[in-house]
Amino acid sequence: MHGAQILVVEDEENISFVVTAALRLSGFDVVEARLGCDGLRVALAADPPDLIVLDVMLPDIDRFEVCRRLRAAGVGAPVVFLTARDATADRVRGLTIGGDDYLVKPFSVEELVARVRVVLRRSGKSVESPVLTCGDLVLDDDAHRVTRQRRVVDLSPTEYKLLRFLMRNAGHVVSRGQILDHVWEYSFNGESTVVETFMSSLRKKVDTVGRPLIKTVRGVGYRIDRY
């Protein structure tokens, strides 16, 4: 099942790549635009996006003009701003002209994905549930709680992020590189063995009851079973 469609309007190639990759790994359909005029064209098309991630410092259209034009044209898709500006006045302006959220660079891609999900749910455009289920394993993202056989599983923040990533991709193999990018993010400079270490710890907490759900696919990565 396809996720909500996200339009990413960002002129910095490396940031666009990271944001787009994180959103796609999280199950969203993503369309990219480098310039404000291209973003407007996509957003004003017959099949508009469900949400727009928008850099306010684009080279062709100044600051918040893209959002202003979208709202003037009747486009109601929620907008999440990305900006290097952290002044309160800029935040207030972005939100008052029709923006829905605001992230200051540098930001965590995990936080961006979480905020995108919250804004989509708030706007009624979300196509996914905050509750993920794999057999008797349940992760409630709103409550930030994991249970197996109705017993609470106590996870560290990193273990929680790792499990959520596996469960959002249940039934599919995710590579060690994808896990590093999504859980530890693109700035991580450590050894890839950290994945094995945390996966072992996660298994000891999740797979102690019932049949094992987390599988190693030798030479490829990991998979969590749906049932």
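Visitor: Over how many bridges do strands S8 and S9 pair in the antiparallel sense?

Guide: This is a predicted model, in which local features need pLDDT of at least 70, side-chain atom pairs count only at pLDDT 80 or more, and totals for chains, interfaces and linings use all residues. Residues are numbered from 1 along each chain as its sequence is written, and side-chain values use heavy atoms, leaving out hydrogens and water. Strands (E, at least two residues) and helices (H or I, at least four) are DSSP runs numbered from the N terminus, and two strands pair if DSSP finds at least two bridges between them. For S8 (residues 145–148) and S9, the number of bridges is 2.

Visitor: Which residue in S9 is the bridge partner of Arg-148?

Guide: The antiparallel pairing of S8 with S9 involves 2 bridges. In S9, the bridge partner of Arg-148 is Arg-151.

Visitor: Which strands stand at the edges of the sheet of 4 strands?

Guide: The sheet is open and antiparallel, in the order S6-S7-S8-S9. Each edge strand has a single partner, so one side of it is left without a neighbour in the sheet. The edge strands are S6 (131–134) and S9 (151–152).

Visitor: What angle does helix H6 make with S7?

Guide: H6 (residues 157–168) packs on this sheet and is in contact (heavy atoms within 4.5 Å) with S6, S7 (137–140) and S8. Angles run from 0 to 180 degrees between N-to-C directions, with axes fitted to C-alpha atoms, for helices over the stretch in contact. The angle between H6 and S7 is about 110°.

Visitor: Which residue in S12 is the bridge partner of Ser-175?

Guide: A 3-strand open sheet has the order S10-S12-S11, with antiparallel pairing. Its edge strands are S10 (174–175) and S11, each pairing on one side only. S10 and S12 pair over 2 bridges, and the partner of Ser-175 is Gly-221.
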